[in-house]
Every structure is written in C-alpha cells, then in structure tokens.
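Please look over the structure shown here with attention to its charged pairs, its aromatic rings and its backbone. The briefing that follows is grouped by topic.

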Amino acid sequence: MVMDIMLPGLNGFDIVKELRNQKMDIPVLMLSALDEIPDKVKGLNVGADDYMTKPFSPAELLARIRVLTRRKGEVIIEKIEFGDLALSLSTCELECNGKSIHLAYKEFEIMKLLMYHPKILTSKEELINSVWGNDSEAIDNNVEAYISFLRKKLLFLKSKVTIKVILKSFEK
C-alpha cells in the first residue's frame, strides 16, 4: 500500500495505525510532502514499513515497493468481500451466511468485476470486453443471461446484495 499522509478528510498516520491495530500485515510505504525528521519517525512508529518524500523518482518508488514485497512476501488476495458476500478467487465459490455456491467461469468473471468495483456503474459493453474479450461476438443478451444466473444464485444464498440495471434516458 502506498499511503499519503495529507488526505482529504483523513490522516494517513491514523489509517496506518488502525491497519496495524487490526493486525493487517500489508506492506505500507508512506509517500508524503512532509519531509521533516519528526514526520518520518512518526510514520515509521505508527506502522509504516518505509517512508519517502515528494518529489520522488518513480524508479526509486518502484524499487522500494519491490523491496517491501520481497520482505513481506507477495501479497495474494484470496477473497473479495462485499456486503454479506465473499468470492473465493481460487475456488470460484460465492459464499454468504455459511452457504456457498460454485460459479461457472463467466459468472465468476462478472461477479469478480462487479465486486472489485461495487460502487461503479459498469456497462454491458464493458462486461463483454472484460469477460468475453474485445474480439468476441457476444451481445447484450449474453450479459443479461449471466446476470440472471447470478441473481438466482444470490437469491439461493439469501444475500442482501443485488445487481441493478440502470436504464439510460435519452433527451431530445
């Protein structure tokens, strides 16, 4: 994680401290315009693994990130969670409230995309390009069919998560 200190409405020091209080072992590099020794010491003392000041060299930033991941081991995400759902990236299982169901490949790819970006509107075209590929002959009906399959699986799991469609309105 590359963390700035001066965030709008938030403080990077407090965020890193909370990550560490929650026993999250993600490597953290603080990248900040605050370049005084007390700021660097505070960043490291709250739990950052490294501290760089702005302006910075992109090559140095990448080298420091490589060092952190080498020290901590590769960061591997096993599950994506949203609402009451958890999607296992290794088994393609969608879990909710102790129940689970296996997703077919395209269902899994769609659900993964939607769960990675739950607050972002995703068009059918974006889903086709991401899941079927740019050269695919898939059409909107393919997406609609797989969304229908996923909705049925969400009902089976009794999830509170829903997949919604937003219709475009055309103005004259």
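A residue is called buried when its relative accessible area is under 20%, exposed when that area is over 50%, and partly exposed in between, with a 1.4 Å probe and protein chains only. By this rule Trp-132 is buried, with a relative accessible area of 18%. The model is predicted, and local features therefore need pLDDT of at least 70, side-chain atom pairs count only at pLDDT 80 or more, and totals for chains, interfaces and linings use all residues. Residues are numbered from 1 along each chain as its sequence is written, and side-chain values use heavy atoms, with hydrogens and water left out. Helices (H or I, at least four residues) and strands (E, at least two) are DSSP runs, numbered from the N terminus.

**Aromatic rings**

- Rings of Phe, Tyr and Trp (its six-membered ring) are paired if their centres lie within 6.5 Å, and planes under 30 degrees apart count as stacked, over 60 as edge-to-face and the rest as tilted; by this rule there are two aromatic pairs.
- The rings of Trp-132 and Tyr-146 are an edge-to-face pair, because their centres are 5.6 Å apart and their planes stand at 70 degrees.
- Since Trp-132 lies in helix H5 and Tyr-146 in helix H6, this pair ties together parts that are 14 residues apart in sequence.
- The rings of Tyr-146 and Phe-149 are also edge-to-face, because their centres are 5.3 Å apart and their planes stand at 80 degrees.
- Tyr-146 and Phe-149 are separated by about one helical turn, because they are three residues apart in helix H6.
- Tyr-146 is partly exposed at 23% relative accessibility, and Phe-149 is partly exposed at 37%.
- Trp-132, Tyr-146 and Phe-149 form one aromatic cluster.
- Lys-99 lies over the face of Phe-156, at 4.2 Å from the ring centre, where a charge sits over a ring if NZ of Lys or CZ of Arg is within 6 Å of the ring centre and within 35 degrees of the ring normal.

**Helix H5 and its surroundings**

- Helix H5 (residues 124–132) has Leu-127, Ile-128, Val-131 and Trp-132 as its buried residues.
- Seen down the axis of H5, these buried residues fall within an arc of 100 degrees, so they line one face of the helix; the arc is that of the directions from the helix axis to the C-beta atoms.
- The buried residues of H5 pack against H4 and H6, where contact means heavy atoms within 4.5 Å.
- After H5 comes Gly-133, whose phi is positive, near 105 degrees.

**Salt bridges**

- A salt bridge is a side-chain nitrogen of Lys or Arg within 4 Å of a carboxyl oxygen of Asp or Glu, and a search of the whole structure finds eight of them.
- Glu-60 and Arg-64 form a salt bridge with an N to O distance of 2.8 Å, and they are separated by about one helical turn because they are four residues apart in helix H3 (residues 58–72).
- Glu-60 is partly exposed at 35% relative accessibility, as Arg-64 is at 25%.
- Asp-50, Glu-60 and Arg-64 are linked in a network of salt bridges.
- The side chains of Glu-107 and Lys-153 meet in a salt bridge of 2.7 Å, N to O.
- This pair links distant parts of the chain, with Glu-107 in helix H4 (residues 105–116) and Lys-153 in helix H6 (residues 140–157), 46 residues apart.
- Both Glu-107 and Lys-153 are buried.
- Lys-112 forms a salt bridge with Glu-109, the closest N and O atoms being 3.5 Å apart, and both residues lie in helix H4, three residues apart, about one turn of the helix.
- Lys-112 is partly exposed at 22% relative accessibility, whereas Glu-109 is buried at 16%.

**Strand E4**

- Ser-32 is placed in strand E4 (residues 29–32) and is buried, at 0% relative accessibility.
- Leaving aside its neighbours within four places in sequence, Ser-32 is in contact with Asp-4, Ile-5, Tyr-51, Met-52, Thr-53 and Lys-54.

**Backbone**

- Lys-54 and Pro-55 are joined by a cis peptide bond, with omega about -5 degrees, and Pro-55 lies in the loop between strand E5 (50–53) and H3.
- Asn-97 has a positive phi of about 50 degrees although it is not a glycine; Asn-97 is in the loop between strand E8 (93–96) and strand E9 (99–102) and is exposed, with a relative accessible area of 59%.
- Lys-158, which is not a glycine, has a positive phi of about 60 degrees; Lys-158 lies in the segment after H6 and is exposed at 61% relative accessibility.
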